Amino acid sequence: MRQHTFHVVCHDCPTEHLSDTERDAARLAADHENAAGHDVAVGRVD
Ligand SMILES: [Zn+2]
């Protein structure tokens, strides 16, 4: 099973996170969207 890194990046400010799990990345994205009202994208980095 391959390990992936998930990249969380905000389109509306310089916020970025890297996460080892999709679930954690989705949580970080949702937290920022809820806190800041920004548009946050999650991408997988191979
Ligand atoms: Zn933001």
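User: By what cut-off is a residue of this predicted model called exposed?

Analyst: The model is predicted, and the count of other C-beta atoms within 10 Å of a residue's own decides its class. A residue is buried at 20 or more such atoms and partly exposed in between the two limits. It is called exposed if that count is 12 or fewer.

User: Which exposed residues does the face of α1 turned away from its buried side carry?

Analyst: Helix α1 comprises residues 22-36. Its buried residues define one side, and the face turned away from that side carries exposed residues. These are R23, N34 and A35.

User: Why are the buried residues of α1 placed on the same side of the helix, and which residues are they?

Analyst: The buried residues of α1 are A25, A29 and H32. They cover an arc of only 65° around the axis, which puts them on the same side of α1. Those residues are therefore a one-sided set: A25, A29 and H32.

User: What distance separates the end C-alpha atoms of α1, and what span should its 15 residues have?

Analyst: At 1.5 Å a residue, with one less than the number of residues counted, the 15 residues of α1 should span 21 Å. The distance between the end C-alpha atoms agrees with this expectation. Both values are 21 Å.

User: Which residue follows α1, and what is its phi?

Analyst: The residue that follows α1 is G37. The phi of G37 is positive, near 70°.

User: How many bridges join β1 to β2, and which residue is the partner of F6?

Analyst: Strand β1 (residues 5-10) and strand β2 (residues 16-19) run antiparallel, joined by four bridges. A hairpin of five residues connects β1 to β2. In β2, the bridge partner of F6 is S19.

User: Is L18 buried, exposed or partly exposed?

Analyst: L18 lies in strand β2. It has 13 other C-beta atoms within 10 Å, whereas burial needs 20 or more and exposure 12 or fewer. L18 is therefore partly exposed.

User: What separation is found between the C-alpha atoms of L18 and H7?

Analyst: Leaving aside residues up to four places away in sequence, L18 touches T5 and H7. L18 and H7 are 11 residues apart along the chain. Their C-alpha atoms are separated by 4.8 Å.

Definitions and conventions. Residues are numbered from 1 along each chain as its sequence is written. This is a predicted model: local features need pLDDT of at least 70, side-chain atom pairs count only at pLDDT 80 or more; totals for chains, interfaces and linings use all residues. Two strands pair if DSSP finds at least two bridges between them. Helices (H or I, at least four residues) and strands (E, at least two) are DSSP runs, numbered from the N terminus. The arc is that of the directions from the helix axis to the C-beta atoms. Two residues are in contact if their C-beta atoms, placed from the backbone, lie within 7 Å.
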